[in-house]
Amino acid sequence: MKRYICDVCNGLGALNNENYDECPKCKGFGHLNWLENIFGKDISKMTSKEILKEILYKESIQVSNEIDKHIVKTLLKKEKKK
Ligand SMILES: [Zn+2]
């Protein structure tokens with residue numbers, strides 16, 4: 001899976017060099033996968049239905065290139081089974 005450098009901390013994992021306050025977006029990792037890059041690490045707290053809703057919403061406005069179509073399809077299938 002493609003890795004993205006966190007655009008909030010530029011891969012540092014912290015907000016600045018002097019104090020190591022954990023970056024709110026990547027939670028100190030400095031890099032994110034495509035899904036986390038869009039939604040932040042908090043995505044792990046979301047259900048697949050919520051994620052899907054966000055993806056479809058965001059896709060329609062700006063991030064269509066970032067979306068892995070295959071993963072979206074997988075999520076859709078998962079939702080249909082419920
Ligand atoms: Zn970060």
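Where is the place of Asn 10? In this predicted model, in which local features need pLDDT of at least 70, side-chain atom pairs count only at pLDDT 80 or more, and totals for chains, interfaces and linings use all residues, Asn 10 is placed in the loop between β1 and β2. Residues are numbered from 1 along each chain as its sequence is written.

The secondary structure of the chain consists of 3 helices and 2 strands, where helices (H or I, at least four residues) and strands (E, at least two) are DSSP runs numbered from the N terminus. Read from the N terminus on, the order of these elements is β-β-α-α-α. Of the 82 residues of the chain, 11% count as buried; a residue is termed buried if 20 or more other C-beta atoms lie within 10 Å of its own, exposed if 12 or fewer, and partly exposed in between, with C-beta atoms placed from the backbone. Two residues are taken to be in contact if their C-beta atoms, placed from the backbone, lie within 7 Å, and among the contacts in the chain with a separation of 6 or more, 37% are accounted for by residues 24 or more positions apart.

Cys 6 lies in the loop between β1 (3-5) and β2 (31-33) and counts as buried because it has 23 C-beta neighbours inside 10 Å. Leaving aside neighbours within four places in sequence, the contacts of Cys 6 include Cys 23, Lys 25, Cys 26, His 31 and Leu 32; Cys 6 and His 31, although 25 residues apart in sequence, are 4.9 Å apart in space, C-alpha to C-alpha. Residues up to four places away in sequence not being counted, Leu 32 touches Tyr 4, Cys 6, Cys 26 and Asn 37.

Lys 25, also placed in the loop between β1 and β2, is partly exposed, because 18 other C-beta atoms lie within 10 Å. With residues up to four places away in sequence not counted, Lys 25 touches Cys 6, Val 8, Gly 40 and Lys 41, and the C-alpha atoms of Lys 25 and Gly 40, 15 residues apart in sequence, are 4.8 Å apart in space.

Asn 10 has a positive phi of about 55 degrees although it is not a glycine, and is exposed, with 10 other C-beta atoms within 10 Å. Lys 27, found in the loop between β1 and β2, likewise has a positive phi of about 55 degrees without being a glycine, but counts as partly exposed, with 16 C-beta neighbours inside 10 Å.
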